[in-house]
Structures are given as structure tokens and as C-alpha cells.
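Please consult the sequence and the structure shown below.

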Amino acid sequence: MIRLESLRIELSGFTVHDIDLSIDDGEFFMLLGPTGAGKTLVLEAIAGMSPITDGRILVKGRDITSLPPEARGIGIVYQDYALFPHLCVLDNITYGLRYHRKDDAESEKWVQWLMDQLGLMPLAERSVKNLSGGESQRVALARALAVNPSVLLLDEPLSALDPNFREEIREVLKRLHKEVGITFLMVTHDFAEALFLGERMAVIHQGGLEQTGSVADVFQRPSTPFVAEFVGMKNIFQVVFDKGTAHIEELALKVEAAPAKGHGHIAIRPEDIVIRKEAVSDNGINLLQAKVLNVIQRGPYYEVFVRTGKIVFQTMLSKSDLIEMTVTETRDVYLTIRTSDIHVF
Amino acid sequence: MMKAKRVDPFFWVAIFSTVTVVLFILFPLIEMITQPTFNDLAETVKDRDVLRSIWLSIYSSGIAALISFLVGTPFAYLLARKEFRGKKLVESIIDLPIMIPHPVIGIAILGLAGRDHWLGQAMQSIGIQIMGTVTGIVTVLTFVGLPFYVNTVKTGFESIPVRLENVSRSLGASLTGTFLRVTFPLAWRSMIVGIILCCARAISEFGAVVIVAYHPMIAPVMIYERFTAYGLAYSQPVAVWLILVCLVLFLLLRIFSLPKEHKA
């Protein structure tokens with residue numbers, strides 16, 4: 001288990017503060033945040049490469065805060081691979097073995113297995129200068145795992161890759177994590193990667209933690225407007241609650257699980273706002289009258305902006321729905337939003 | 001109608017400047033090399049004093065470069081990798097020997113090594129003599145050559161991504177292990193270039209050496225002496241030999257430090 005206790009890092013004017021996290025053994029944990037949020041700084045602090053100002057880092061109950069990087073048993077994979085350019089693929093992978101006293105035959109078997117799993121056998125003698133992005137990242141993974149670290153840190157390992165390699169390495173990461181049982185802590189700014197790979201996650205913003213929880217939980221129930229926007233929620237509004245109703249200016253929406261009174265936020269995913277030709281009414285449904293403002297094609301679906309009163313909602317439609325309902329600009333439509341789909345925070 | 005292609009006047013200015021600069025550097029050197037006859041050159045190379053002075057020049061410069069390598073490498077590494085208060089100041093101090101007039105350097109070193117200074121007394125008590133010795137020459141040459149080594153190697157270290165060293169440490173290698181297995185194999189070419197520059201600067205030093213150690217004579221001092229005592233014709237052959245020997249040495253070092261792989 002990794003525990004970060006009130007971690008504080010100050011580096012050339014930027015501060016990462018109050019980082020409290022605990023990651024279970026064998027977990028695939030995601031640290032998510034926009035560029036410049038301090039994610040890489042946290043990773044490098046765990047690996048022992050950036051000095052920390054305050055706090056503690058514990059791995060399997062052992063305080064490693066003051067240990068040098070080589071004594072921590074923590075592997076790292078960077079987005080730019082950081083392969084040793086003067087060594088061939090095999091020498092890169094076996095680089096760390098001499099520092100980890102272990103049965104030679106066992107190490108060799110382990111390295112063989114890793115290279116086999118990652119499809120690196122045919123590349124063993126190749127210079128790392130002539131590898132594709134996907135191959136380079138697989139070598140970097142094999143090299144880090146060869147020494148059997150207790151934790152593997154991954155710093156945006158997919159960001160520098162072409163889309164087809166990205167998918168390949170994403171699959172590799174998922175499979176490998178399942179098979180080796182090592183704790184993975186991965187930093188990314190891409191929520192889709194977190195959804196695909198992560199079990200639990202933390203969102204970091206401007207040097208501080210915004211929310212921690214299971215990936216599904218953060219996705220469904222973001223706790224701040226920043227996280228809501230970051231996980232792809234649209235239609236985020238500041239509201240005033242009053243007995244089960246959220247007021248956005250003159251618009252009133254019935255919501256569930258809202259505080260009796262006070263200020264707060266609501267967010268609604270575009271796919272949860274349903275466009276209808278006719279009015280329907282049911283318990284637990286908000287029915288609104290609206291006018292179509294704008295229809296934008298986004299590849300396989302359409303983004304539709306509708307206005308009710310002064311409020312603009314963003315929703316989405318498939319092409320067939322768009323044609324069937326003849327949704328065009330300036331058309332009057334009805335919207336339904338289930339009270340349970342309105343996220344309150 | 002075909003239109004003639006207009007060439008920007010700047011192109012002609014650039015061509016003119018290039019030719020001027022190359023001629024400015026080469027013309028005097030070519031003239032000097034071609035003026036002595038073969039006979040003069042053959043005579044000179046038989047002169048033991050000349051050989052000794054050229055050898056002394058090369059060997060004292062070589063030692064200066066070796067000292068620069070030993071103390072300059074860790075220092076350059078520190079400058080390339082660490083941020084600390086006063087770093088800019090330390091970097092300017094390193095450049096001082098490049099700016100100070102050479103005789104001033106000689107006078108400064110003599111001031112320290114003289115009998116009036118406690119350091120000079122201390123050194124003499126353990127048998128180190130600066131004035132008029134090879135030790136003195138090497139001291140001066142190291143003083144003027146070190147900045148070239150440190151600056152070159154620092155740039156070399158800076159061009160190696162820190163992440164390579166980070167990965168090496170995360171795999172279990174200590175700072176020393178990382179330096180030997182990652183940093184050095186990637187930086188040794190810049191060290192060779194640093195050594196070449198340091199040697200080149202040291203071999204060309206005259207002003208400081210002439211004050212600290214007129215004797216034993218390094219080649220530039222001997223050339224100067226022959227010029228003042230016997231004139232131009234007598235000093236030129238020595239100069240030619242110095243240039244030729246240095247050219248060969250530096251060429252060898254350059255070839256040795258070229259990257260291996262240049263496959264099509």
C-alpha cells in the first residue's frame with residue numbers, strides 16, 4: 001500500500017499541497033488533472049526525484065520519505081520513454097537487474113516472460129533509436145517491471161503515441177497490470193484513459209486534490225464544478241435550492257437529494273436531456289419547452305443547443321433521431337430531464 | 001516574357017563577408033607557412049631546443065587538460081544539474097580567465113606563489129616551485145584552459161535528459177552508478193571536445209606564461225624570443241612546426257570523437 005500524508009512540494013514558485021492519498025496493493029490508481037496541475041511533481045516526489053517540503057510517503061508501511069530513489073523500489077515510465085540511447089533493447093530491459101540480487105535463472109525467466117508478453121523478443125538486439133513509439137513504450141514498461149518494483153509510476157504513458165499505438169499500449173497496460181499484480185499509479189489528463197484503465201482515481205487541480213473515489217463514482221458524482229467539467233459533464237449551473245427544487249434564475253427544476261435550502265451546483269450530462277416532439281408528463285420528470293438554437297455535427301452524433309428562457313442546455317442526438325424528429329434550428333421542442341439524472345453538488 | 005530571378009542584395013553581402021573572413025584568417029597563416037624553405041624547416045626540426053619547446057608546449061597543455069578533466073567534470077555536472085543560490089555568480093567566475101588580460105593572470109599567480117605570500121612560503125616548504133618551472137607553466141595553462149573545458153562539458157551534460165538519470169536511479173543505480181553507466185557514455189564526446197578546446201587554448205597561451213616561466217621555454221615563448229633576437233625568418237619555421245603538430249593532434253582527436261554510426 002502507498003500512503004501519501006499531507007504531502008507538500010514547492011518548486012520554482014509552484015506549490016502542490018495537502019496531498020493525502022492511500023492506494024491499495026495491486027490497485028490501478030489514476031491521478032487525473034489538466035496540464036500544469038502538479039501531477040508529474042507528485043509522481044517524481046514519490047519516486048524520490050523531487051524533494052518534498054512537508055509530509056510523508058509510506059510504501060507497505062515503510063516510511064520512504066528520506067530514501068534516495070535507488071532505495072525505494074519504485075519504477076517509473078515516462079511519456080517520452082526515456083530509453084537509454086546508447087544501449088540495445090535487451091540491455092535497456094536488463095539495466096537494473098544487477099542491483100536486485102536474486103536468483104539469476106529466476107530473473108532471466110521473468111525477463112523472458114515480460115519480453116514475451118510485450119512482443120519484444122524479435123527486437124532484443126535492436127538499437128532503441130530505431131523503434132516506433134509503441135515499441136519504445138513497451139521496452140520502457142519491460143525495463144521498469146524487470147526489477148519487480150513494488151509500485152510502478154506511469155507519467156502520461158500514452159500521450160506521446162499515435163492513436164493506433166495508444167490503443168495498443170492501453171490494452172497492454174490493462175493486461176499486464178492484471179497479470180503482474182504490481183500497484184500501478186498512472187498520471188493522465190485524459191478522462192477516457194482513466195475510465196478504461198483505472199479502478200480508483202484522484203483529480204488534482206492547481207496543486208490540490210479536488211476529489212478522490214472510484215472511477216465510476218467520480219464520473220457519476222463529481223463534487224466540484226471543476227471535476228464536473230473535467231469528467232465531461234456539461235450543463236453545469238450555479239443554483240439556489242428550495243425544498244427539492246433547484247432555481248436557475250427563473251427556471252425551476254425538480255431534483256433529488258438536494259439540500260432543503262442554500263446555494264450549490266447542478267450538472268446534467270448532454271445524453272440525459274431528451275428532446276421530444278410532444279409533451280410527456282410523469283412523476284420524476286422535468287418537462288421544459290425549448291427552442292433549438294444550433295445543431296453541430298460531431299462525427300457520429302450531433303450536438304444540439306436548445307434554449308429555454310435565458311438558459312441554454314447542451315444535448316445530443318444520433319443522426320437517425322435527428323432526421324426522424326426533424327430537429328432543425330429555431331424549431332420548438334420539448335425537453336425531459338429525469339430528476340435522478342440531475343447531479344447535485 | 002521571362003523574368004530574371006531577383007537575388008536579394010543581402011545574399012551578396014553574406015558572400016562577400018564570408019570570403020573576407022576566410023581570407024583574413026587564412027592569408028597570413030598560409031603566407032607564414034609557405035615562406036620558410038624546406039631547408040629551413042629541416043634545419044629547425046633538427047634543433048633540439050625547438051623539439052624540446054614544442055614537446056613541452058604539448059605536454060604541459062595535455063596535463064592542463066587532464067587536470068581540467070578531473071576537476072572540471074564533476075564541477076560542470078553540478079552546474080548542469082543543480083540550481084542553487086549564487087549559481088550565476090559562480091558561472092561568471094568561471095569565465096573570468098577568458099576576460100582578464102593574460103599578463104595580469106601571470107602577475108596574479110606569481111603574487112600568490114612568491115616568497116612574500118604565505119601560500120608561496122607554504123608551497124616552497126614542501127618543495128613546490130612555481131616561478132620558472134613546468135609546474136608554473138601547467139598552473140597557468142590550467143588557469144586559462146579550464147573555462148573552455150567546463151563550459152563545453154556543462155553544455156554536453158545539459159543536453160542529456162534528466163529523465164534518463166531518473167530512470168536509472170529508479171532501477172536501483174546509485175548516483176555514481178548512474179553517472180558511469182548513463183551520463184558518461186552519453187557525454188564523453190563533449191568531454192573530448194572540451195579537452196580539445198582546453199588544449200588549444202593552453203597551447204596558444206603566451207602572455208601569462210612569459211611572466212611566470214620564461215624558462216623552460218614553451219614553443220610560443222621560443223618563437224617570440226627568436227623573433228626579437230634574430231628576426232622574422234628565424235622564428236617562422238618554429239611556428240610552422242608548432243602549427244603542423246597541433247593540427248595533426250587535433251585532427252586525430254576529432255576523428256576519434258566522431259559518432260560511429262553514419263550509415264545511409
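The model is predicted: local features need pLDDT of at least 70, side-chain atom pairs count only at pLDDT 80 or more, and totals for chains, interfaces and linings use all residues. Residues are numbered from 1 along each chain as its sequence is written, chains are lettered from A in the order in which they are written, and side-chain values use heavy atoms, without hydrogens and water.

Helix α5 of chain A (a DSSP run of H or I, at least four residues) spans residues 163–180. Its 18 residues reach 26 Å from the first C-alpha to the last, close to the 26 Å expected at 1.5 Å a residue. A:I169, A:V172, A:L173, A:L176, A:H177 and A:V180 are the buried residues of α5(A) (under 20% relative accessible area, 1.4 Å probe, protein chains only). Because they cover an arc of only 125 degrees around the axis, they lie on the same side of α5(A). On the other side, A:P163, A:N164 and A:K178 are exposed (over 50%). Just after the helix, A:G181 takes a positive phi of about 65 degrees.

The cover over the buried residues of α5(A) includes the following elements of chain A.

| Element | Residues of chain A |
|---|---|
| β3 | 28–32 |
| α3 | 104–117 |
| α4 | 133–146 |
| β7 | 151–155 |
| β8 | 183–188 |
| α6 | 191–197 |

The largest pocket holds about 820 Å³ of space. Among its 27 lining residues, A:M49, B:R81, B:K82, B:V162 and B:N166 lie nearest its centre. A pocket is an open set of points on a 1 Å grid over the protein atoms alone, where a 1.4 Å probe fits, with protein on both sides within 12 Å along at least five of seven lines; lining residues have an atom within 4 Å of a point. The largest share of the lining, five residues, comes from α8(B).

Methods:
Helix = DSSP H or I, 4+ residues; strand = E, 2+ residues; numbered from the N terminus. Expected span 1.5 Å × (residues − 1). Arc of directions from axis to C-beta. Contact = heavy atoms within 4.5 Å. Points joined across faces, edges and corners; volume = space filled by probe spheres on them.
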